[in-house]
Amino acid sequence: MNNPLRRLGQWSYRNKFKSLLIWVLILITFIISISQLGTHYNQNFTIKGLPSTDVQSTLKKEFHQDSDAGTMKVVIKNNQQNGVNQKQLKSQINAAIQKLRTQSGIKSVQDPYSNQLVSKDQSTTYVSVTFEKSAKLVSQSQIKAVEKEFKAVRDHAQTKVAYDGTVQITPFEIGGTSEIIGIVIAFILLLILFRSFITAGLPIISAIVGLLSGVLLVSIGTSFFTIVNVAQTLATMLSLAVGIDYALFIVHRYRDELQTHSPESALGIALATAGSSVLFAGVTVIIAVSGLSIIGMDFLTQMGLAAAIAVAFAILSALTFLPAVIALLSKFIKPAQNNVKTTVNNPGVLIQSIVNHPIMASLISIIVLVGMALPVKNMRLGMPYNGSLPADNTQRQAYDILSDQFGEGINAPLIGVIKLNQNQSKTEQQRTIKQITNQVKQMNGAKEIVPVINRKAVAEMKQPGYQAKLKAQITQEVQAKVQAAAKKDPTIAINQQKQQLLAKQYGNALKKQAQANAAKKAISSIPAQISSNHKYAMFILIPKRGAEAVQTERLTHRINSYSKSIQKTKGTKIILTGNNAINIDTTNKLNGATPIFAGIVIVLAFVLLMFMFKSFLIPLVAMLGFGLSLLASFGLTTLTIQEGMFKSLLGISKGAPILSFLPVIFIGILFGLAMDYEVFMVSRTREEYLKTGDNNHAITVGLKSSGPVIVTAALIMIAVFGSFALSDNVTIKSLGLSLAFGIFFDAFLVRLIIVPSMIKLFGKANWIFPGQGKK
């Protein structure tokens, strides 16, 4: 690969304007395409092939409940007397509901008053809106239209209105703040390393071109494929980080070669050496992130392929656009001041310590990594939930209001689909349903099963004839009670005012009793909906705690265990869906697939490293070191994200379980990035060893020449990933923090201390490989 890359570098130097023109045309094409097509990212994670997601097709077919349909929940709270039951406020809410029902694109709007969705203290209620389109297709204008109808409600004195739902309540914004912060810090670090504004700017320009082209292409793809919005952030995050680093390594090597070669030759050598390492490292990252598709979850595949495309363009930019820019500005780029001889003669205290005391250096690093890994034993996995959003977020406010008034479980209902035994009669099926629901609602962690509305009874009670009959019955009973009272107290018979007062009191009491009777009659005796073909029944269970609680997770396990037992005894079973059920199914699938994924990626990388370095021991140490940095990163992520340590400093609202898909994404990305530093440092070491056969000399040159650039590259990655941790999105924040932690541990402790220490300890055994001969 060296000769083609050398020729590419020299061609780029001679044809710099052609290279630049090609890149300009690529960017213009992508920009025009995106302006015509727009972007259509999906905010919902799609997970297929799980019991909890497969059953959703049954819900749609048998109960006409489309889990993909966009929903919006308008949460209303008023702390005045009578709260949301105040005449004026109730009238405003009802008016908003009626207007919404006339809007196009809205399938249904639930009346909270007729459905008894008012809190016990009358302070809170919520209106559920269901759109005709799927959540990802509901436009911001439709969402704003719903919010607009509740303006009068929001303006009512002491009234709080918050919004939640599956639609994109808060528009997803890639923003630019995180990228700008990362780029500024990267430029400062590069300026310190190169001591030149122009040279420091080269990696930034190259990375930005790669970033724009890669992310634009991913965005164009949203018009043809479903791509989750977090994929854009992941692609941006990864492309920016590796793009700067890859360009940095090439520029650094180019400056070294300028000491003894012409600019054209130096560029050819830089691409043949550092460029070869960039290509290998980049391909390793692409393989690692593309491997996410092995898991078999749509959103992970989307994230992995989007990241792979972005990294591919970062590589292309570093290998083709960057050389052209270097050629264009070659007269401003000065040679490096240090050569190999001065490097060996002045190794520095840290390098001397590693070379002279490799056991102590590696032991200290291992102890630190193992110590940071200890919290991993307490790590819990879960899915994103609104309770962990910032306190000023409307979805977090809706979550808190509902939790306070209706219990945390209202935000995470479990939907149970009972597959009925077709050999039972309808009466027997109803008896089975009652037995199952009674058993479920008595389980530890269950709060209540949502009553089912008896629609036939409700429709009957709304009939004018029924209302007239009820009114006549109340009037008759009031007259009878007044007459009875007059018989007991003769003064009432002669006092018209007393009779009217009694009639009013009796009338109000009878009306309340009638309302209570009507509410009772409106509830079905069977707490589950039964499909028209009597093949399925559906119930909704409200847990006591929220989606993140251990108690709720255990409740789902109990129901699943109970389902297995009744399948044997009654020939029926329960299939759970809803956030908690999907979370558990997702976690179970990831727990089974993650080791396989990690194993495939590690074995493949081991083989690639083995043939690149012509060594067995170096790839083995690289894999073991990665395992240590991985565990240490998970440990620190558990302390910060889950336990909430330094939550104020890191902008974490409150501790929450680690995202269930974070480990597999993290493994793929960190592994690829870790191999970057392994390749850049060890390839330089091996290059010197092959020249001299002196192990100590090779380690010293490798660390002295590659060390500063690896430190700078690692700090740049930490800055880029750390800047994304400023996001309010818990998924992006978790990814940013964990990757920043991972790069810190892997670059500074593993690649710069443990790996060279092991090379020193193993000596010539590092380079034993078939066909190598004796060195």
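Figure 1. Asp-155 pairs with Lys-151 in a salt bridge, with the closest N and O atoms 2.8 Å apart. The model is predicted. Both Asp-155 and Lys-151 belong to helix α7, residues 151–155. They sit four residues apart, about one turn of the helix. Residues three or four places apart point the same way, because an α-helix has 3.6 residues a turn. Lys-151 is classed as partly exposed, because its relative accessibility of 44% falls between the 20% and 50% limits.

Figure 2. Lys-144 and Glu-147 meet through their side chains, at 3.7 Å from N to O. This contact is a salt bridge, since the cut-off is 4 Å. The two residues are three apart in helix α6 (residues 140–149), so about one helical turn separates Lys-144 from Glu-147. Their surroundings are as follows. Lys-144 is partly exposed, at a relative accessible area of 42%. Glu-147 has a relative accessible area of 15%, so it counts as buried, the limit being 20%.

Figure 3. A salt bridge joins Arg-253 to Glu-257. The closest N and O atoms are 2.9 Å apart. Both residues lie in helix α10 (residues 229–257), four residues apart, about one turn of the helix. Arg-253 counts as buried, at 10% relative accessibility. Glu-257 counts as buried too, at 11%. Salt bridges link Arg-253 and Glu-257 into a network with Arg-684, Glu-687, Glu-688 and Lys-691. Side chains of opposite charge can pair when their charged atoms come close. The structure holds 15 salt bridges.

**Figure 4. Helix α27 and its kink.** Helix α27 covers residues 695–724, 30 residues. Its end C-alpha atoms are 40 Å apart; at 1.5 Å a residue the helix should span 44 Å, which agrees. A kink of about 45 degrees lies at Gly-707, shortly before the proline Pro-708. At the start of α27, a side-chain oxygen of Asp-694 comes to within 3.1 Å of the backbone nitrogen of Asn-696. The helix is mostly covered, with 23 of its 30 residues buried.

**Figure 5. Helix α23 and the residue after it.** Helix α23 has 35 residues, 579–613. From first C-alpha to last it reaches 47 Å, close to the 51 Å expected at 1.5 Å a residue. The helix bends by about 30 degrees at Ala-593. The proline Pro-595 follows within four residues. Just after α23, Lys-614 takes a positive phi of about 50 degrees.

**Figure 6. A nonpolar surface patch that includes Leu-25.** Five side chains make up this view: Leu-21, Val-24, Leu-25, Ile-28 and Ile-32. They form a nonpolar patch on the surface, with about 450 Å² of accessible area together. Leu-25 is placed in helix α2, residues 16–37. Leu-25 counts as partly exposed, at 48% relative accessibility. Patch members need over 30% relative accessible area, so Leu-25 at 48% passes that cut-off.

**Figure 7. The whole chain, for context.** The chain has 28 helices and eleven strands. Its C-alpha atoms fill a box of roughly 125 × 55 × 45 Å along the principal axes. Of the 775 residues in the chain, 53% are buried.

Note on methods: Residues are numbered from 1 along each chain as its sequence is written. This is a predicted model: local features need pLDDT of at least 70, side-chain atom pairs count only at pLDDT 80 or more; totals for chains, interfaces and linings use all residues. Side-chain values use heavy atoms; hydrogens and water are left out. Patches are made of residues with over 30% relative accessible area and no salt bridge: like charges are joined within 9 Å, nonpolar side chains (Val, Leu, Ile, Met, Phe, Trp, Tyr) within 5 Å. Accessible areas come from the Shrake-Rupley method with a 1.4 Å probe; for residues, only the protein chains shown count as cover. Buried means under 20% relative accessible area, exposed over 50%, partly exposed in between (1.4 Å probe, protein chains only). The expected span of a helix is 1.5 Å times one less than its number of residues. The bend at a residue is the angle between axes fitted to the seven residues ending there and the seven starting there. A polar contact is a pair of N or O atoms within 3.5 Å; within protein, one must be able to donate a hydrogen and the other to accept it, and residues adjacent in sequence count only if both atoms are side-chain atoms.
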